[in-house]
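Visitor: I'm new to this one. Could you take me on a close look at the salt bridges and what surrounds them?

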Amino acid sequence: MGTGRRAIVAVAALALPLARVAPASAAPKDEGAVDVSAVDCSRAHSDKTSATGKVKTAGDPLIYRVGPDRRCNGINQVPNGTVIRYHCWTTGQRVGNWSTWTWGEVGTSKRYGWFSDAYLDDHGAPAGAKC
């Protein structure tokens with residue numbers, strides 16, 4: 001009877017080190033993962049200009065977004081050459097050589113969003129129209 005208890009204790013003692021072999025910190029990390037909760041997608045904007053420009057891509061549609069960062073949700077997409085009515089600009093995530101983004105309306109559609117100035121033919125709202 002005493003031998004059975006020792007065997008159970010010995011098995012339990014062996015199980016404890018196994019539980020510590022793979023701590024949570026040893027789990028593989030997704031190096032490309034981004035904490036989207038740290039991205040500011042709620043920038044203030046206002047109508048400070050009546051200037052317009054056109055989407056200029058290599059031919060692909062452009063996704064406009066809820067915030068001035070490619071990690072912010074896309075609202076919709078517009079084809080190359082679409083007229084955008086500018087409202088104001090702010091700084092955001094760098095795209096190519098540009099770190100400014102323009103809040104604008106797709107034509108006169110009442111559809112609004114943030115457009116990276118890297119993809120606007122004149123690089124977005126004029127300097128005096130900062131949001």
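This is a predicted model: local features need pLDDT of at least 70, side-chain atom pairs count only at pLDDT 80 or more; totals for chains, interfaces and linings use all residues.

Guide: Let's start with arginine 85 and aspartate 47, whose side chains meet in a salt bridge, 2.8 Å from N to O. The term covers a side-chain nitrogen of Lys or Arg within 4 Å of a carboxyl oxygen of Asp or Glu. This pair links distant parts of the chain: arginine 85 is in strand 4 (residues 83-95), while aspartate 47 is in the loop between helix 1 (2-19) and strand 1 (52-54), 38 residues apart.

Residues are numbered from 1 along each chain as its sequence is written, and side-chain values use heavy atoms, with hydrogens and water left out.

Aspartate 47 counts as partly exposed because its relative accessibility is 47%. The scale goes like this: buried is under 20% relative accessible area, exposed is over 50%, and partly exposed is in between (1.4 Å probe, protein chains only).

Now back to arginine 85, which also forms a salt bridge with glutamate 105, the closest N and O atoms being 3.8 Å apart. Here too the pair links distant parts of the chain, with glutamate 105 in strand 5 and arginine 85 in strand 4, 20 residues apart. Through shared partners, Asp47, Arg85 and Glu105 are joined into one network. Glutamate 105 has a relative accessible area of 4%, so it is buried.

While we're at strand 5 (residues 98-106), look at its partner: strand 5 and strand 6 pair in the antiparallel sense over 5 bridges. Two strands count as paired if DSSP finds at least two bridges between them. Glycine 104 stands opposite glycine 113 in strand 6. The hairpin of these strands has 5 residues between them, and glycine 107 there takes a positive phi near 55°. Strand 6 (residues 112-116) is largely enclosed by the rest of the structure, because 4 of its 5 residues are buried.

A search of the whole structure finds 4 salt bridges. One of them joins arginine 71 and aspartate 69, with the closest N and O atoms 2.9 Å apart. Arginine 71 lies in the loop between strand 2 (62-65) and strand 3 (74-78). At 38% relative accessibility, arginine 71 counts as partly exposed, whereas aspartate 69 is buried at 7%.

Methods: Helices (H or I, at least four residues) and strands (E, at least two) are DSSP runs, numbered from the N terminus.
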